[in-house]
Amino acid sequence: MSNKKRFYITTPIYYPSAKLHIGHAYTTTLCDIYARNKRLRGYECYFLTGADEHGQKIEKNAKAAGKTPQEFVDGIVEGFHKLWDVLEISNDDFIRTTQDRHVKVVQDIFSKMLKNDDIYLGEYEGWYCKECEAFWTDTQVGDEHLCPDCKRPVEKAKEESYFYKTNKYLDKLLKFYDDNPKFLTPVSRKNEMINTFIKPGLEDLCVSRTSFSWGIQIRENPKHVIYVWLDALTNYITALGYGSDNEEKFKKFWQDPDCEIIHVIGADITRFHAIYWPMFLMSLGLRLPDREFVHGLLMMRDSKMSKSKGNVVDPYPLIERYGVDAVRYYLAREINFGSDGSFSPEQFVERCNADLANSLGNLLNRTVSMIIKYFDGVIPEYKGKVTPFDGEIESFTETVIKSYEDLMDDLKITDALAMVNELSNRANKYIDETTPWALAKDEAKKDELASVMHHLAMSIFVCGMLFKPVLVKSSDRIFDQLGIEESNRAYEKIHEYGCLSGLKVNKGEQLFPRLDAAVEVQFIKDLMGENK
RNA sequence: CGCGGAGUAGAGCAGUGGUAGCUCAUCAGGCCCAUAACCUGGAGGUCGCAGCGUUCAAAUCCUGCCUCCGCAACCA
């Protein structure tokens, strides 16, 4: 955990070979929730996502589509922006590896590595497929020696290539792992890196290609393009202006030790982020990130979401029918961040109903109704702990806030949100404990009734604020119904009992209407079916 | 022996040494402010199997085995 008041968080930059699906939405949404929460709490934030646009596959797909690679990626990246827009992703920047600001700097970095003697010119030997113009490894071609792509026989071939000297920085990397136990989590991922890649002996990494041209050219030797990973990984610093005329952001969000740097990544790209990226940074004499958090994969009905299986979930229709908040909430709350999870229509509907409609939505609805009925719609003054239950709900609320913040800071986003559920459940229980409808019948108990209403309004306010990073639209609807003005929707207010005194509530539409499980499950299943 | 993950109540999951928990479903009761919701309680688990493993104490650590899944090939 960190006390740093500034941070930099990144998603992987996605590969624009096809449309994005709910898996990409998952990763990006979780990063967004983290960023929004921290901003709300006064942290200075830089949140980056982007697109990794080079490589042979793009070149090939573009050709098949009858476009230039640049035209091809432009079209797909437009779709990225649209999805992030619909999902309310609050990224501060969007980097594309074909942008000048990136290309030029990557070339400089390569030159620097050459000069440092971190990279040397050698020869790459592998299995070559003439048809696909691609090299494959032993495991990829299998015992049959067939191209994994076109299934044709491959042959041994050599090509001139540049190599990165991985062993030069290996000891330093291992020491870094030891000194920074939070660097790579969950820890099983670190063990995997060490046992699978490092212990058997790390080979030098081939960092150039001559078999295709859609990439960043090496200035010193223009027939080579730079390996996509060396190209892609550096996006994290080129986006901040590293090596440019203006390094202000880079200084602030990377070089300053008071800035916490977090990369959120998927398991399949852990190797590049956990081994090579730190080494590249060492070559450049730069600091390493504080955390690389490996999230799980979102599976479909017990099998992985994949284009060939045709079981990819498209986020758009879900957002359209249930709202962006429900989709964001489901992703963050249902799947324990860091573990694998699976998307299921039943769980989706259940989450919406149980947490959002029944617990939170209904709590707001019944509270606002009672304030209107008993106090003409005005939230009564706060007069301390009046009923025997007020003290407990106040201290419970504080405990929830504290736990929530600690969990959020440690990227335990799912657990943090569960704390908010506990608070809304506790508030529902508080209603039964205090029985306001009974208090209302006795004029002598008017103060108790007033106190109950105030405590309820406050509990809902806290829930709304803690949910705000997730429920980006509904949280404001909660505040609207409580009559809280825009200027008073500040995070610090959640500790301030009394801040709601005298506000005029507005009965609005149901926050989250209860979903008919049978109908909606069928609807989502049909959506998934359409992809087959 | 390629690498990694998982096996806990009918379903889905949490739980890394100290009385087995959560959501949904189910049953009984309560309440009536509310979105057939909310509150209380019950039933339902030999925590994949084995070791009579380590320990005062194991879902949790160790050893072996079984089953499922992911990666290695589009894909976070």
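This is a predicted model: local features need pLDDT of at least 70, side-chain atom pairs count only at pLDDT 80 or more; totals for chains, interfaces and linings use all residues.
Residues are numbered from 1 along each chain as its sequence is written, and side-chain values use heavy atoms, with hydrogens and water left out.

**Exercise 1. Work out the strand order of the open sheet and find its edges.**

Start with the strands, which are DSSP runs of E with at least two residues, numbered, like the helices (H or I, at least four residues), from the N terminus. Two of them pair if DSSP finds at least two bridges between them. The open sheet has 6 strands in the order 3-2-1-11-12-7, paired in parallel. Strand 3 (93-96) and strand 7 (184-185) are the edges: each has a single partner strand, so one side of each lacks a neighbour in the sheet.

Now check the pairs. Strand 1 (residues 6-14) runs parallel to strand 2 (residues 44-51) over 7 bridges, with T10 opposite L48. Strand 1 also pairs with strand 11 over 5 bridges, again parallel, and here R6 faces C259. Strand 11 then joins strand 12 (residues 291-295) through 5 bridges, including G266 with H295.

**Exercise 2. Is strand 11 buried or exposed?**

Use the cut-offs: buried is under 20% relative accessible area, exposed over 50%, partly exposed in between (1.4 Å probe, protein chains only). In strand 11 (residues 259-266), 8 of the 8 residues are buried, so the strand is largely enclosed by the rest of the structure.

**Exercise 3. Find which residues of helix 10 are buried, and how they are arranged.**

First pick out the buried ones in helix 10 (residues 248-255): F250, F253 and W254. Looking down the axis, these buried residues fall within an arc of 95 degrees (taken from the directions from the helix axis to the C-beta atoms), so they line one face. Then turn to the face away from the buried side, where you'll find the exposed E248 and K251.

**Exercise 4. Count the disulfides, then look at C463.**

The test is a pair of cysteine sulfur atoms within 2.5 Å. Searching the whole structure gives 0 disulfides. For C463, the closest cysteine sulfur is in C499, 14 Å away, which is too far for a bond. C463 is also buried, at 0% relative accessibility.

Definitions and conventions. Chains are lettered from A and ligands numbered from 1 in the order in which they are written.
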